[in-house]
Amino acid sequence: MRCDVTFRQATAEDLTVIETFLRTAALPLEGVEAHLSGFVLALRGQEVVGVAGTERYGAHGLLRSVTVRVDQRGQGTGQALTSELIRRARDAGLSSLFLLTTTAERFFPMFGFVPITREDLPPGLLASRELQGVCPASAVVMHLALQAGVLR
Ligand SMILES: CC(C)(COP(=O)(O)OP(=O)(O)OC[C@H]1O[C@@H](n2cnc3c(N)ncnc32)[C@H](O)[C@@H]1OP(=O)(O)O)[C@@H](O)C(=O)NCCC(=O)NCCS
């Protein structure tokens, strides 16, 4: 699918727009400000059409907040944004990405994410405020290996 979006790393001025996207999608705001440098904006022209972020914990990343503006969905933006975050994580030398979702467990397998149990999460990720009870215990936990190797 053709997707004409560009990407840029979030700055402090982008916090409000990111929070607006997440509120609209009913996704957690906790931890966004602390991990703002791991957030990326998808732009169509000058307009922000999507946001997503990676919280970094040593060699592991927590992919979170993948959100496309409602009127921009179904045009490949979510896939392009997720692929961009995966590419950036790989370039940063992360060995794996994890995520929690209650809404998109059928979206992420197309990138290679596989379901795991919470017990499989690396201990370092438990510092994440998103993991510390923000997401319901029923959330699906998923993993993507970025380098050759095992889960942790
Ligand atoms: C999930 C989301 C980011 C997808 O963005 P998008 O720009 O519409 O996605 P794309 O156009 O790149 O991809 C569309 C494909 O993904 C699938 N898809 C989209 N949202 C999906 C979802 N929630 N679950 C499963 N599949 C989904 C579509 O069926 C479509 O598949 P197809 O191409 O085979 O028809 C968007 O729906 C969104 O912002 N949702 C609300 C926030 C959210 O739940 N985020 C995930 C939690 S981290």
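Predicted model: local features only at pLDDT ≥ 70, side-chain atom pairs only at ≥ 80, totals over all residues.

Residues are numbered from 1 along each chain as its sequence is written, and side-chain values use heavy atoms, with hydrogens and water left out.

The sheet is open and mixed, with 7 strands in the order E1-E2-E3-E4-E5-E7-E6. Strands here are DSSP E runs of at least two residues and helices are H or I runs of at least four, numbered from the N terminus; two strands pair if DSSP finds at least two bridges between them. Neighbouring strands are turned by 30° against each other on average, direction ignored; the axes are lines fitted to C-alpha atoms, for helices over the stretch in contact, and angles run from 0 to 180 degrees between N-to-C directions. Helix H1 (residues 15-24) packs on the sheet and touches E2, E3 and E4, its direction making about 95° with that of E3; contact means heavy atoms within 4.5 Å.

Strand E2 is largely enclosed by the rest of the structure, because 6 of its 6 residues are buried (under 20% relative accessible area; exposed is over 50% and partly exposed in between, with a 1.4 Å probe and protein chains only). In a regular strand the side chains alternate between the two faces of the sheet. On one side of E2 are Phe39, Leu41 and Leu43, and on the other Val40, Ala42 and Arg44. E2 pairs with E1 in the antiparallel sense over 4 bridges, and 6 bridges join E2 to E3, also antiparallel. In the E2-E3 hairpin, which has 2 residues between the strands, glycine 45 takes a positive phi near 65°. E3 in turn pairs with E4 (residues 60-68) in the antiparallel sense over 7 bridges, where threonine 67 is the bridge partner of valine 51.

Arginine 73 is found in the loop between E4 and H2. At 46% relative accessibility, arginine 73 counts as partly exposed. Beyond its neighbours within four places in sequence, arginine 73 is in contact with Thr67 and Val68.

The lining of the second largest pocket draws at least two residues from each of E2 (39-44), E3 (47-57) and H2 (77-91), and H2 gives the largest share, 3 residues.
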